[in-house]
Each structure stands twice: as structure tokens, then as C-alpha cells.
Amino acid sequence: MPRMSRTRSLPSSSLIARAQQICEQREQADHAQMDRRFAGLLIFQWFAAFAIALALSPSDGEGANSAVGTHLVAALVLGAALAVPGCMLACFRPGVPSTRHAMAISQMLFSALLIHISGGRIETHFHVLGSLAFLALYGDWRVLITASVVTAVDHALRGAYWPASVYGVANAQPWRFGEHMLWVAFVDAFLIHSGMRALRQRRSLADRQAELESGQAVLEAEARELTRGLAEARDELLGITRRKSETLANMSHEIRTPLNGIVGTTEVLLGGQLTADQREEIETISACSQHLVAHLNDMLDLSRIEAGTLEFESTQFDPLDLVRELQQQFGPRARSRGLRLELELHPDLPQRLRGDALRVRQALACLLSNAVKFTECGRIVVELAVKELRDGRARLRFGVRDSGIGIGEERRSLLFRAFTQGDSSPTRKYGGTGLGLVIAKRLVEGMGGTIDFESVIGEGSTFWFELDLELGAPPEPSEPGAPLPARSPGATHRRLRVLVAEDNRVNLHVLETMLDRLGHACFVAHDGEAALRVVELEQPDIVLMDCQMPVLDGFGATRELRRRESPDRHTVVIAVTANALLGDREACLSAGMDDYLAKPVDSTTLSQMLERWRERALRASPAAT
């Protein structure tokens, strides 16, 4: 097997340059610090030299012939001459090569001064070796050479002319000079070797720091690139989400508009003279259209939940009224399948709770719709039980128990997944999109609750969810004989004058027919500008305003209507639109509309909306004044 060779890639020129720069910066800082330390050392040695001279030879001669000692004068004057220049250089030129060489010269001359003051004693010669050791801290071998040369010159000159000041004897042998220089050379060799090793370590550290900086720069560049990529991905996702929302809104509008025509037309037909066969067929069309509306609403709800745009409210509601409304809603459908729909209510059920009644009702309706679909005979029971009452809060259990087909344990994990059912085979008996339980689960979890089920094959299932809700204020009892709120004379029986602003011919016909059967007068306009003219001429009580119309849409028409109105005149404007996504209602209200109806609209919903605004409309009507 061939031996694999390991090669180390050479560093780039930029890394070499950066390592050299780091090494020089560190050396500059270290040298400047050493300059300051040597400046302090020179000052200390100045005072030490003066003290030594004062102790050893404070004066020359005795008695009347005594005078200040030459050693004392030399320590004072020469010590100042050596210390002051070094301090000045350390202050004004720190870290410069000439400064550290000057420090080396001053330090070695101080050694010579101390040797001279002590009379050449052998102890003071060790000051030379100590000075060399201190100078080695610079990490510059050239400084040691300078110091050694100064010492050699000093010993050579003074050994030749003043041997007593160096060796302590008047006649010194030549070998004394050689001995001293050998010691200096030995110490230099050791210190230079250690200094070169320290320099290699310093350069190695500089190389590592340069590599780390280079790696950090690469990581930062990659991080910036990653951040830029994430930002681009985020913008792309936001764009996809925006396009998805726009597509969903357009699809909702385009589907709801013909659905409104289908639902409204079937309702109009059912109100006329029909044979039994015709009525049955039209009722089938109506049931199919209502079924399609339910699926469309499920898809929109799931889209809102997945987008995280579904908001929850906190209002006061009666839980008993909530389940009874569901009983009335699903009762006819259950009876048509031969099922009994019953209620089981806890005796201590609170009268008022605070929470999102609409979402609670929607989640319970999903469970109830599932039970009706998968139960062929027997009964369905809606349970409402109180699990716990404490500290102004109630934990309620909402459940739906059926006698249907049941669910096997192997299907449990599939039930709360979108677009899946217990039976998803092509030959399945029960239809549906499989969104009901998914929506119920997301709604319950969004309100901080839990949802689960129990089931036995062939015996039935119980789906339930629990919510922790705040207790509401109890309803105020009405006083016996208390008068009813005052109403406008004739308001109950007077028919409303309603303007329908709608560009779709089918929807316009449906709304006209519904209003006629409800006993109201109807005006029509096919765009926003025509609607403004009709309001100005006929002064209707209520305007049913479509949002998407040619020439001028419903939003612009409503804003212009509010601008033209006088302070004592307010025309009630109700949006009747196929825009049914989150935020569409708020957009209508912010444009100046008073209320909102999502298509498809049936006569019952329309009648309830008109009655809700009857009082306000008639109070502002010119006929009322």
C-alpha cells in the first residue's frame, strides 16, 4: 500500500504580512514597557550609587584638610548624567530601537560607576551580569551586544589607566580582563539563546493569531453571506405568503360570488310554487351548496391558523345558550338521519363565562358535525361538564358522544392531521376533507386547552376538549314591570328603503328578491358612482354595498358618502362581499361601513342584519323627521 504523504500548505502572503505586523506591534508594546521600567531602575540606581558613596567615602582627607569625597560627587553628577537622559527617552521615544540601546549603555555605565565607587570590589562586578539579565528582557539580542561592547571598552580603558577602580589593585594582570570578558560572553551566549527561543515563540503566537483572525474573518464573511441568504429567503417566503394570501383572497372571492348566486337562487326557488319532485331536487342543490360553503370556510380557517393570523377574543357568553344554538343548528340534520340529539348539562354550570365564544362554538361544531356524519343510528349526546371551579375560573369539559362506527387504535395518530381521515381509501363510505378535527384541535390549543377522544369499534366514540375559562359577571335580573326601551313610532312596521350596490347580475337579482319577500323597498346600482347618485336622490335607509365594483369600488364609494354627509345624517352601510379573509371585516369598517356580511347570504341572515340596524337607520331617515 503506498504511503500517503502529508503536505502542509504554505501560508499566504497576507497571513505572513499580518503575522509580521502582529509581532511588531507586540514587540513595540513590550519594548515601550521595558523602557519605562528601565527608567525607574536608572533613578533607583542613581539614589543607590549616592547612598553607597556616602557610606563608603563621604569625604577626602581628615580634619581641616577634609573635603567632599570625589566618589560622592561622581555618584551625584555621573549618576544624574546617566539617569536623566534615559528617563527623557522613555517618556518621549518609548519602544524605539535607539532608546533601548541608550538604556543598555546607561545601565552598563551605571555598573561601571558602582564598581568604581566600591573600589573594584568583586561583589559589584555581579551587577554587570544582572544588568545583562535585565536587558535580555527586551528580547533583542542586539541590545546585549551593545551592552557587552560598552562593558569591554570600560574594562579595557580603566584596566589600562585606572586598574584600582576596576580590579581593586594598582597592578592588575592582563588575564583579569580576559576573565571578566569570558564571563560576559558566557552570560551573553545563554541569554541570546533564550532570547531567540522567546522570539520564535512570539512569532509562532503571532502566526496563530493571524490565522485565527483570518479564520474569524472567513467566518464573519460566511455569517454575513448566510445572513444575506436568510434575509433573501425570508423575503422570498414573505413574497410567497403574500402571493398565497392574494391568491386565496381571489379564490375566495371568485368562489363565493357564484356560490351566493346558487344559495340565493335555490332559496328564492324554494319560496315559490314547486312540485314535490322539483322541491326535492332544489333542496338537494341547496344542501350541496351549503356543504360546499362549509368546506370553503374550513379551508379558509385552516389557512388562517397555519399562517398564525387567527386572533382570539375575550367576551362574556352563556355556555348553555351556546350548546342550545348548536342543538338547533344540527337538530334537523340529525333527525333527517334518524338520530336523537340530546344534551347532558352539569347542574353547577356557570351562567356566564369569559372567552372566545365564536371559537368555542366552532370547535364544538366540528366535533358535532363529525359525529352526525359517522353515526348511522342511535343517538348523539352533547356533554357540558364542570371539572373544577377555583379562584374565579372554571375548567369546563365540552364533549360529543355518539353511537357510530368507532375508531381503531391504529387510526388514532391520523385523526388530527390535515386532509386525513380514519378511512382514506378510494372505496371509503364517508366523504369530507378531514379538516374538522384539525381545526378543532388548533382552535382548542390556541385557547390553551386540550383535546382527545375515546372510542370502541362498533360502539361509538367520545370526542372532548377542556378549557380553562374565566367566570363572567352574572346577568342582572330585570325588575318586574320595568318598561321596555322606547322605540320610534311605527318603526316596527315601516318597511326599509334599501339600496343594493352590486355589479353581479345574479347576486343583484337574488338580493332584490329576498328584500321584496322581506317586505322592503329596493333600489339598485351597478357601481360605486351610481350608488352615490341613488343615495343623493332617494336617500335610502340602508345601503348593501359590494366591495369590488367597476368605476368606483365599495370602499371608495363609502368614503365619498361619508365625506358628503351632513352631521345630522348617517346612512347605514353594510358590506355584502365575497371577501371573507382575516382583515376584510376590519378593512370594511375602517372605510366607514357600519357592518359586514360575507357571501353567500341567505334571507335569514339578511333579515337579522337589517333588523339589527333598523332603529339606527330609521332615526337618521328624513322620513322619521
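The model is a predicted one. It holds 2 cavities of 30 Å³ or more. The helix pairs described are H9 with H10, H3 with H5, and H3 with H4.

**The largest cavity**

- The volume of the largest cavity is about 40 Å³.
- Its lining is made up of Ala 136, Gly 139, Asp 140, Trp 141, Leu 144, Leu 191, Ile 192, Gly 195 and Met 196.
- Helix H5, residues 141-161, and helix H7, residues 174-270, each give at least two residues to the lining of the largest cavity.
- H7 provides the largest share of that lining, with 4 residues.
- Sorted by class, the lining of the largest cavity has 6 nonpolar residues, 2 polar ones and 1 charged one.

**The second largest cavity**

- Met 108, Ser 111, Ala 112, Val 128, Val 150, Thr 151, Asp 154 and His 155 form its lining.
- Helix H3, residues 97-117, and helix H5 each contribute at least two residues to the lining of the second largest cavity.
- The largest share here comes from H5, which supplies 4 residues.
- This lining divides into 4 nonpolar, 3 polar and 1 charged residues.

**Helices H3 and H5**

- Two packed helices are described by the angle between their axes and the distance between the axes.
- For H3 and H5, the axes cross at roughly 35° and come within 9 Å.
- The crossing of H3 with H5 is right-handed.
- On the H3 side, the contact residues are Arg 100, His 101, Ala 104, Ile 105, Met 108, Leu 109, Ala 112, Ile 115 and His 116.
- On the H5 side, they are Arg 142, Val 143, Thr 146, Ala 147, Val 150, Thr 151, Asp 154, His 155 and Arg 158.
- The contact of H3 with H5 contains 9 nonpolar, 5 polar and 4 charged residues.
- Met 108 of H3 and Val 150 of H5 are among the residues of this contact, and both also line the second largest cavity.

**Helices H3 and H4**

- H3 also packs against helix H4, residues 122-135, at an angle of about 165° and with the axes 8 Å apart.
- The two helices are therefore roughly antiparallel to each other, as angles over 145 degrees are counted that way.
- The crossing of H3 and H4 is right-handed.
- H3 takes part in the contact through Ala 104, Gln 107, Met 108, Ser 111, Leu 114 and Ile 115.
- H4 takes part through Thr 124, His 125, His 127, Val 128, Ser 131, Leu 132 and Leu 135.
- By class, the contact of H3 with H4 has 7 nonpolar and 6 polar residues, and no charged ones.

**Helices H9 and H10**

- Helix H9, residues 319-336, and helix H10, residues 357-373, pack at about 30° with their axes 10 Å apart.
- That angle makes H9 roughly parallel to H10, because angles under 35 degrees count as roughly parallel.
- H9 and H10 form a right-handed crossing.
- From H9, the residues in contact are Leu 322, Val 323, Glu 325, Leu 326, Gln 329, Phe 330 and Arg 333.
- From H10, they are Ala 357, Val 360, Arg 361, Leu 364, Ala 365, Leu 368, Ser 369, Val 372 and Lys 373.
- The contact of H9 with H10 is made up of 10 nonpolar, 2 polar and 4 charged residues.

Technical notes. Residues are numbered from 1 along each chain as its sequence is written. This is a predicted model: local features need pLDDT of at least 70, side-chain atom pairs count only at pLDDT 80 or more; totals for chains, interfaces and linings use all residues. Side-chain values use heavy atoms; hydrogens and water are left out. On a 1 Å grid over the protein atoms alone, a cavity is a set of points where a 1.4 Å probe fits but cannot get out, and a pocket is an open set with protein on both sides within 12 Å along at least five of seven lines; lining residues have an atom within 4 Å of a point. Grid points are joined across faces, edges and corners, and a volume is the space filled by probe spheres set on the points. Ala, Val, Leu, Ile, Met, Phe, Trp, Tyr, Cys and Pro count as nonpolar, Asp, Glu, Lys and Arg as charged, and the others, Gly among them, as polar. Axes are lines fitted to C-alpha atoms, for helices over the stretch in contact, and angles run from 0 to 180 degrees between N-to-C directions. Angles under 35 degrees count as roughly parallel, over 145 as roughly antiparallel, 65 to 115 as roughly perpendicular and the rest as oblique. A crossing is left-handed if the near helix is turned anticlockwise from the far one by less than a right angle, and right-handed if clockwise. Contact means heavy atoms within 4.5 Å.
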